[in-house]
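Thanks for making time this morning.

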Amino acid sequence: MTPPTLGIQVVLFDDDVGRLHRLGEAVAASVAHAVGRGVISGAAVRLGDSSAVPCLGDDDVATLRSILEPGVDAVTYRHFGDNLGSGGGSNALAEGAIDDVLLVLNPDTYPAPGLVAAMVAAVADPTVGAADARQIPIEHPKVGDPATGDTDWVSGSCLMIRREVFEQVGGFDDHFFPLYCDDVDLSWRLRLAGFRTVHVPEAVLFHDKLVDPAGRVRMSEHAVYSDGLARLFLSRRYGAPEIEAQFLAWADAHGTPAHHRAAAEFRERLTAGDVPDPLQGAAEVARFEGNVYGRHRFGYDVVAG
Amino acid sequence: MKYDFEFSWASTYGFAATLVARTCERGLVVDLGCGAGSFAAPLDELGFDYLGFEYDPESVALCRSRGIACEPIDLADVDDTIERVTAAVGGRPVRVVSLLDVIEHLVDPERVVAGLRRLVEALTVDGRAPRVVVSIPNVAHADLAVKLVAGRWDVVDVGLLDDTHVTLFTERRVRDTFARHGFAELAANDVVIPDTEQQYPADHPAVAREATLSAHLRAVRRRADTSGDTYQFVRCYEVGPVTGESPPTLADRADTEGPRLSVVVHVRDGAGVGDLLTCLAAQHDRDLEVLLVSTSSTVDAGAAVAGYDDAFGSLVRVVPPARCLADACNAALDLVGGRLVAFLDESTVVTGRWSAGVHEAAAAFPGRALRCATVVQPAHVADGRIVPTEGFGPDRTAAGDEIGRLLGGEPPGLDGLVVPAAALDGLGHRFDPSLGDVAATWLFVLRLVADTGLVRTAEVDAVRRGAEPSVDDERDRAAWSAVAAVLDQWPYLLPSGAASQLGALHELRRERDTAVERADAAEARVDALERSRYWTATAPLRRLGAARHRLGRGGGR
């Protein structure tokens, strides 16, 4: 049997060219490693740009090509002309794709050499819907079964999925805009369709995050807003009205301006009927622990900075 | 006449003659700047022929009156020198050209050494060039170094600071000057004199050898390089390739060669090295090199390097495993090319801006050692990987209280330490493998920090994953004893903040002593009571009381 082909999709938003060069070097090395072991037969890289002004000029694209090729067969760059968000951008990049397997990858990452091979091996299992990688330096604390890898949801910062499965469940839901929880939603719809979601600890992904002097994980104001809004969408879709009510009450009483903004926008979208529809059978796959999605081995304090 | 020395084998000329005898074929010696010809007699004794050349007409006459062959020359006129020397040699094969205590009297040593090279070529017969033997006083002698710190530079009639020396040499300048003109060093027979004529005023605390300040300065000088006690460099050269380098200029002072940061990674069991390498590969500022050190030949650090992009792969070197961490780190320090050297444990991971943050801090605090602000995350090793088990906690090494941590039996905290390479190369800081790794590391950190001070970086860019090392009293006592034994030999100037720490320690001791005194007094009172007649007489009553108490408690089961 011919090894599968891989389509690597990166949605850009005001990204630094130097960072993309490092990402390109890492992707090229990880693809070469997987091709060398016969795990994949080839790979294409698709960059989709949601920025208002394109991140990359022709010269930048040429430089990226020279970094990625010849290990990667084709490198394409598209400026969407509109902010499609992370899920919407990934869907747009997957349209008309012919690769057997898709890797949705954040631009602020650096995959370790063995990442592609380890993840492709994981999604080769037909019971597996999607897989994610072990993040460093701040490891995601969600629970994963050490023996099987089964986990409540897989992270979209580095998410691998067979294309046919992606198409079967309709890809990401672009209600989750601009980012966050689109991956949780996809994971839970995959599980609703009978697939497993697994964590692959052998696949190592550097994810460019920061810690503050008190050891709290730093998120930008915008990320706090997006995360708040996305949680509200998630609780609406997966039948957790108590979490929705709790979050709105907490945001009103104690939230930062970013939380207020998220609550206000959710209420507006609710009035306009522009929120994800509740899903049949959602309770079977949705896992909330307290007011957070998924189960966790330990917690991190998060600070807006 | 100032330089009409009587020859002695213990003098510079004696050392030079010994070096000639050891390294050069018997034959004719051309001695440039021969003075009163003091070098002729020992060479004659050793079976060499001698031909002296001298600028001072009085000295030429004196040589001739003593029956020593001597011709006048002016070394400042290279062409004339070559002409006169070749004429006087008259085609005989010359085995040695010597310049003893000459070059420091000439204003343009570059021109002289360039001329020397031409002369040696002119004297080459059948492809055989004479060897060159020089003696040059060392201006970086410890006696001069300690005096200069105290503002003294005592130029006198003879010795290291002779009033006719117009060019001053350190070992490095000697080496570089001769190398530039294609002289390869063959052998050395330096004159080593720890106590020179410059050791005055004898009661100055910077000068008097046993005084604390002097001992400290001399210890620093001793670590910096090996030439602190060298009085004269006595070296033998043969013609080699010309490096073609220009003499240094002020513009060369910033060394722009090599990476800006060398990262020395301690690989223990290999469980974390892949994660750390990935973090380093992802640095925003990748102007760095990585050296992997280990003490176990069973850990294949090289395997962890495989597969990275070529650009990063070329930045990583695997240092051959050593028998202890001290040896491994020293081997790495001999290889590093960066202007900053960072130590990381493989269990640590760093954010993308870590190296940029190190550079920012180093630029803000030049010459200082840095401690990378770090958070600690409890973790264990499973399936060959480091698995975090909890969220982040504070790092005990962060406070910068090195003495307090040492006395508290804590590990030295090499992880996250960043050191200016100038402190390593310039001041010779290394690990002492004879002490054991814990003590060697402590001593390295303490001595380094005494020279540099220690600054904590502002932002947390590192996560140290793993169990906090347990305090092992016995091991720590042993380590502390070893550290103390070395520190006792060394006039340790306390780092800033030490006075308060010592004050706090003193306070603690006083509290403890008071508590002990109170306890002793109470014990004495109990003793007195037990020996009293009342206590003895009431003993049966107390036994009865105790028995009743036991019965009363025993109702349950």
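This is a predicted model: local features need pLDDT of at least 70, side-chain atom pairs count only at pLDDT 80 or more; totals for chains, interfaces and linings use all residues.

Residues are numbered from 1 along each chain as its sequence is written, chains are lettered from A and ligands numbered from 1 in the order in which they are written, and side-chain values use heavy atoms, with hydrogens and water left out.

Where does B:H429 lie? It is in the loop between α15 (421–427) and α16 (437–452) of chain B, helices here being DSSP runs of H or I with at least four residues, and strands runs of E with at least two, numbered from the N terminus. B:H429 has a relative accessible area of 3%, so it is buried, a word I use for under 20%, with exposed for over 50% and partly exposed in between, using a 1.4 Å probe and protein chains only. Not counting residues up to four places away in sequence, B:H429 touches several residues, among them B:L333, B:F444 and B:D451, contact meaning heavy atoms within 4.5 Å.

Staying in chain B, B:R353 and B:D461 form a salt bridge with the closest N and O atoms 2.6 Å apart, the rule being a side-chain nitrogen of Lys or Arg within 4 Å of a carboxyl oxygen of Asp or Glu. Because B:R353 lies in the loop between β13 (348–350) and α13 (354–364) and B:D461 in the loop between β19 (454–456) and β20 (462–465), the pair ties together parts that are 108 residues apart in sequence. Both B:R353 and B:D461 are buried.

Next, the nonpolar core, by which I mean a set of buried Ala, Val, Leu, Ile, Met, Phe, Trp, Tyr and Cys residues joined through side-chain atoms within 4.5 Å. The largest has 51 residues, and those touching the most other members are B:L277, B:L280, B:V290, B:L292, B:F312 and B:W354. Helix α9 (residues 273–281) of chain B gives this core its largest share, six residues.

Finally, the interface: how much area do chain A and chain B bury between them? The value is about 2500 Å², with 60% of it on carbon and sulfur atoms, and buried area is the accessible area (1.4 Å probe) that two parts lose on being put together, summed over both. Chain A contributes 29 residues to the contact and chain B 34. On the chain A side, A:R22, A:Y110 and A:P137 lose the most area to chain B, together 21% of what that side buries. The rule finds four salt bridges across this interface, and B:D275 and A:R134 also meet through their side chains in a salt bridge, at 2.8 Å from N to O. The interface of chain A and chain B also has eight residue pairs in polar contact, both residues at pLDDT 80 or more.

Technical notes
A polar contact is a pair of N or O atoms within 3.5 Å; within protein, one must be able to donate a hydrogen and the other to accept it, and residues adjacent in sequence count only if both atoms are side-chain atoms.
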